[in-house]
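Subject: Structure handover

Hi,

Here is the structure you asked about. My notes follow below.

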Amino acid sequence: MAKKAVIKSQKTDASVDAWLARVGDESRRKDCATLIRLMKKVTKSPPKLWGTSIVGFGDRTYHGASRDVDWFLIGFASRKQDLTLYLMNSPEQYPKQLAKLGKTKTGKGCLYLKSLADADLGALEDLLAQSSKNMRKQA
C-alpha cells in the first residue's frame, strides 16, 4: 500500500471570495469569477482554496505507485502570465474543445490561457465537464 504524501498546497478554510477580491487586475478578477462559476457548475462542488493561490473543486485521492495524494478534481490559479487550469488529465484528450478554445498552451494536466476574452466559454465548460467526469470515474 502506498503511503500518504503531504504536499505543499493543502486545502484550507480561507475565503475564496477574499482571495478573489485580492486579484489586482479587474479583467483577470472577472475571468477568475467566471472560472469559479463554471467549475462549480460542472463539479457541483464549492470552491476551496488550496494553499494561498489555487482554487480547487471536488475532492479526490490520487493513487500513485509510491504515494497517495489528496487533491481536487479540477481547479485553477491566477498566475502572473496566465490562468492555469488544473485538469489532472491531459488536455489533449479533448481535441474538439481545444480547437474551439482559441490560443492556449498545454502541459501535463494543465491548460494555460492568457484570458477568457477570446475563449469559447461553451467549449471550455464542455472540456471542464468532461475532465471532471473522467477524473471521478478514475477514483
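Does cysteine 32 count as buried or exposed? Cysteine 32 has 0% relative accessibility, so it counts as buried. Please keep in mind that this is a predicted model.

The cysteines come next. Zero disulfides turn up in a search of the whole structure. Cysteine 32 is in no disulfide. Its nearest cysteine sulfur belongs to cysteine 110, 15 Å away. A disulfide needs the two sulfur atoms within 2.5 Å, so a separation of 15 Å rules out that pair. Cysteine 110 is likewise in no disulfide. Cysteine 110 is buried, at a relative accessible area of 10%.

Now to helix H2. H2 covers residues 26–43, which makes 18 residues. At 1.5 Å a residue, the helix should span 26 Å. The C-alpha atoms at its ends are 26 Å apart, so the two values agree.

At the start of H2, there is a contact to look at. A side-chain oxygen of aspartate 25 comes to within 3.3 Å of the backbone nitrogen of serine 27. At the other end, H2 is followed by lysine 44. The phi of lysine 44 is positive, near 60°.

Best regards

Conventions. Residues numbered from 1 in each chain as written. Predicted model: local features only at pLDDT ≥ 70, side-chain atom pairs only at ≥ 80, totals over all residues. Heavy atoms only, no water. Helix = DSSP H or I, 4+ residues; strand = E, 2+ residues; numbered from the N terminus. Expected span 1.5 Å × (residues − 1). Polar contact = N/O pair within 3.5 Å; in protein donor to acceptor, adjacent residues only side chain to side chain. Buried < 20%, exposed > 50% of the residue type's maximum accessible area, 1.4 Å probe, protein only.
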